[in-house]
Amino acid sequence: MTLPGLLPCPLIILIASFFAPGTTVLARLTALLMWIQCIVVFFGFGHSILHHSPHVKLYAGFRIDGTTSVFMVLTTIVMAAALTHAVGFFAREALSEHPPTVRSIRQFYGFSALLLLSMYMVIAADNIGLLWVSVEATTLLSAPLVYFHRSRTSLEAAWKYLIICSVGIAFALFGTALIYSASQRVPGFGDGSLSVYWLTSHASLMPMGMLRLAFVFILLGYGTKAGLFPMHNWLPDAHSEAPAPASAVLSGALLNCALIAIWRVAGIMDAAGQSVFVRNTLLPMSVITVVVASLFLIKQHDIKRLLAYSSMENVGLMGVAIALRSSSGFALQAVNHSLVKVALFLLAGNLLQQFGTKQLSKMRGLLAVSLYQAMLLFAGAIAVAGTPPFGSFLSEWQILSRAADSNSVLTVIALCVCLAIAFIALSVQFSGVILGDEVSSSKEAGIVQASALSAGIVPTILLITSLLLGIALTPAILHLASDISK
């Protein structure tokens with residue numbers, strides 16, 4: 001697979017956003033092209049996943065490895081699912097009280113195509129300088145998606161997102177410069193390098209003090225973009241104000257990009273013999289993120305902010321996996337979280353159109369209104385909470401097992417308690433939506449009524465995929481656990 005092979009479909013979407021004869025044609029063409037892109041990416045990178053192919057140089061500054069392949073496929077699926085759902089979503093929005101403009105919809109698709117390309121660059125980057133540029137590009141290209149509704153609150157959320165993440169990315173730039181400076185101190189290599197592969201190979205020869213300082217700044221920088229506590233303030237606002245397909249992409253794909261950046265740099269630190277330092281810095285921050293997010297879930301009144309804090313909790317879990325260098329835990333958690341959270345954000349968009357509000361207290365009686373969507377919401381709620389047999393249970397179990405094997409008893413206890421709190425909070429919040437007394441005013445608000453089948457087909461596919469992953473992988477995971485225990 002070559003980088004140019006990834007370009008045609010996103011570039012056609014970008015061109016179509018300017019010249020397509022109408023937004024309906026644009027939306028349907030985009031959905032078709034994104035599923036073609038899924039086929040291209042799967043055949044290009046699926047072999048590397050299935051056969052555990054070694055590192056392969058892809059292009060100047062880019063390289064394929066197992067992490068690249070998994071996240072290339074995952075990111076493409078997330079974007080395809082979100083943009084497929086957007087076909088019906090924007091058609092229904094056009095019938096609402098405040099329909100989006102043709103210009104805003106065209107901009108949505110244009111920036112989505114550019115965002116996809118920038119996320120590809122993050123995932124495949126083998127150069128920490130290019131990695132930094134790519135992560136910054138994802139921020140700039142996703143901000144217009146947050147500002148889609150052109151309201152005062154969406155403007156505030158977009159500026160908050162840009163300012164906080166830009167400050168964070170400045171820290172990451174300083175950390176990147178420190179790593180480059182450390183690479184210049186390797187005996188016989190005065191020019192240094194920004195290549196991840198080169199830095200990993202020569203990490204043991206670099207000044208350890210400079211590497212540690214660099215990692216702290218990079219963790220602060222990319223941790224801000226990932227939504228790690230206490231740099232998470234932008235995340236609930238941005239995810240809440242963006243339209244549902246954009247919220248799905250922000251949570252299911254964009255957050256992964258920042259975590260991939262941390263994973264890459266943590267790999268360099270691990271090669272330098274600094275795995276304990278990485279663990280002592282990243283692990284507490286990640287555990288605290290899970291603790292804070294689980295507590296925030298209890299008192300949320302906005303369904304999209306509720307899902308945003310659930311994303312923050314899962315980011316913390318993935319941070320724990322990175323700190324403990326659990327590649328399978330990180331990848332599985334990312335895959336299952338992305339599938340389920342995209343489904344939930346798309347369902348949240350349906351409910352917003354159904355009830356005309358994001359307030360959970362005004363979303364009631366979904367079971368009486370739409371049995372199908374009520375079942376989907378129930379399945380999504382238990383899946384994101386890590387309930388078997390969904391794949392998220394396996395990933396969380398793997399992370400907890402790795403923490404136990406590392407003698408991180410406090411981490412295991414804290415995560416178990418917080419996961420229980422999150423499960424209860426999500427159960428209580430969504431049970432009110434599903435089983436509560438129907439709010440009569442929602443029927444009189446002139447809200448767009450969606451076909452349950454058309455509005456729920458993409459979330460259904462995503463949730464079934466997560467379920468099948470859990471069922472398919474359970475025997476292998478249990479067999480691995482039994483081998484380890486012998």
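A residue is called buried when its relative accessible area is under 20%, exposed when that area is over 50%, and partly exposed in between (1.4 Å probe, protein chains only). Helices (H or I, at least four residues) are DSSP runs, numbered from the N terminus.

The structure is a predicted model, in which local features need pLDDT of at least 70 and side-chain atom pairs count only at pLDDT 80 or more, while totals for chains, interfaces and linings use all residues. Residues are numbered from 1 along each chain as its sequence is written, and side-chain values use heavy atoms, with hydrogens and water left out.

**Confidence.** The predictor's confidence in each residue is given as pLDDT, from 0 to 100. The protein chain has a mean pLDDT of 87, and 90% of its residues reach 70 or more. Over residues 440-447, however, the pLDDT is below 50, and this stretch has 10 contacts (heavy atoms within 4.5 Å) beyond near neighbours in sequence. The pLDDT also stays under 50 over residues 479-486, where the model has 2 contacts beyond four places in sequence.

**A buried helix.** In helix α9 (residues 234-241), 8 of the 8 residues are buried, so this helix is largely enclosed by the rest of the structure. Among them are Trp234, Asp237, His239 and Glu241. The buried residues of α9 pack against several helices, including α6, α8 and α10.

**Helix pairs.** Two packed helices are described by the angle between their axes and the distance between the axes. Axes are lines fitted to C-alpha atoms, for helices over the stretch in contact, and angles run from 0 to 180 degrees between N-to-C directions.

| Helix pair | Angle | Axis distance |
|---|---|---|
| α6 (residues 152-183) and α8 (residues 208-226) | about 160° | 7 Å |
| α8 and α10 (residues 244-271) | about 170° | 8 Å |

Angles over 145 degrees count as roughly antiparallel; α6 and α8 are therefore roughly antiparallel to each other. Helices α8 and α10 are likewise roughly antiparallel. The contact of α8 with α10 includes Leu211, Phe215 and Tyr222 of α8 and Leu254, Ala258 and Met269 of α10.

**A loop residue.** Alanine 272 lies in the loop between α10 and α11 (275-298). Because its relative accessibility is 10%, alanine 272 counts as buried. Not counting residues up to four places away in sequence, alanine 272 touches Ala203, Ser204, Met208 and Leu211. Its C-alpha atom is separated by 20 Å from that of tyrosine 222, which lies 50 residues apart from alanine 272 along the chain.

Technical notes
Helices (H or I, at least four residues) and strands (E, at least two) are DSSP runs, numbered from the N terminus. Angles under 35 degrees count as roughly parallel, over 145 as roughly antiparallel, 65 to 115 as roughly perpendicular and the rest as oblique.
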